[in-house]
Amino acid sequence: TEMLLFDENTSEVQVNISISDDNIFEELLETFTVNLVCDPSDAVIVDPKTATVSIRDGGVMNFSNSVYSVGEAETSVSVQLLLSFDEGFNLTSQSFEVEFMTVNITAQGGRDYEEVITNITINSTVTSISIPVFNDQAVEANETFRCHITLISPSPEVVITQTEAVVVIVDDDNVIVQFKEPEYSVMEEGTQLSLGVQIIGENEIPLTVPFTIRGSATLHEDFNLTSGKN
C-alpha cells in the first residue's frame, strides 16, 4: 500500500508511474488498476475509486523475410511488408505512410532490376511491392540489391523493427562451349598444336571447363599437354 499526501489547501496530487519497455510485442493489452482503498478520517472516497491503465504496444512493421530470392528469368520479385498491432490499434483511422526504396549492392538498378522509390499508404496487415527484374542473357554471379523502408511521419503508435531486406537475383543463364574444329591432323615431328575452344554467349565471370584425354596415343610418350588456358 502506497500513501498520497494532500498538503493544506491542495486540491490535486499525482500518482506518478514509469512504464517499462520489455521489447516484446504483445497483441493483447496489458492492464493494471490503481485503487483508493480506504476512507481517510476527514474525507469520503467516492467513485471513481479505481483508475485502470492499459499498456499498449501499438503497431509493429517489418519485412516478411530478411532475404528474398528470384530467378533472373522471372519477370519480378514480390516483397511483403507485415504489420502486427495490438487490440487497441485502429487500422482504419490510424493508417500511415512509409517510404520504400531500392538500393544497389552488386545488382545495378535499370540494368538488373527496376529501381523503386515510392510512398506507400499502409492500411492492411500485408502490403506487397512488386519489383521487376531483367534477364540480360549473360552468365554472371548472383547479384543483390537492398530494400529499405522508413516511416514518413514518425508515429508513437507504430515502430519498424526491420528496416531492410536483401533481394538475390539468381543467374540462370548458360553459354555454349565447344571446340572450334572437331578434327585435327598433325605430323609426329615435334609439331605444336593448339585446339581452339570457344564460348558462344556472354560470360561476365571466369568459367572453368574440365576436359579429359583418351585414345591410343599415350600422354608423355606420344604427346605432352603444354597448356589449357586462353
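## A walk through the predicted chain

Histidine 220 is exposed, because its relative accessible area of 61% lies above the cut-off used here (exposed means over 50%, buried under 20% and partly exposed in between, with a 1.4 Å probe and protein chains only). This histidine 220 sits in the segment after S15, and it has a positive phi of about 80° although it is not a glycine. The structure is a predicted model, in which local features need pLDDT of at least 70 and side-chain atom pairs count only at pLDDT 80 or more, while totals for chains, interfaces and linings use all residues. Residues are numbered from 1 along each chain as its sequence is written, and side-chain values use heavy atoms, with hydrogens and water left out.

Seen as a whole, the protein chain has 15 strands and 0 helices, where strands (E, at least two residues) and helices (H or I, at least four) are DSSP runs numbered from the N terminus. Of its 230 residues, 22% count as buried, and the protein chain exposes about 16,500 Å², of which carbon and sulfur atoms supply 49%; such areas come from the Shrake-Rupley method with a 1.4 Å probe, and for residues only the protein chains shown count as cover. Among contacts (heavy atoms within 4.5 Å) between residues at least 6 apart in sequence, 63% join residues at least 24 apart.

On the surface there is a nonpolar patch formed by Val177, Phe179, Tyr184, Val186, Leu193, Leu195, Val197, Ile199, Leu207 and Val209, which together have about 840 Å² of accessible area. The elements that give two or more residues to this nonpolar patch are S13 and S14. Patches are made of residues with over 30% relative accessible area and no salt bridge, and nonpolar side chains (Val, Leu, Ile, Met, Phe, Trp, Tyr) are joined within 5 Å, like charges within 9 Å; a salt bridge is a side-chain nitrogen of Lys or Arg within 4 Å of a carboxyl oxygen of Asp or Glu. Valine 197, one of the patch residues, is found in strand S14 and counts as exposed because its relative accessibility is 51%.

Glutamine 192 lies in the loop between strand S13 (176-179) and strand S14 (197-200), and this glutamine 192 is also exposed, at a relative accessible area of 68%.

A negative surface patch is formed by Glu188, Glu189, Glu221 and Asp222. Of these, glutamate 221 lies in the segment after strand S15 (202-203), and glutamate 221 is exposed, with a relative accessible area of 66%.

Notes. Lys and Arg count as positive and Asp and Glu as negative; His and the chain ends are not counted. The place of a charge is taken as NZ of Lys, CZ of Arg, CG of Asp or CD of Glu.
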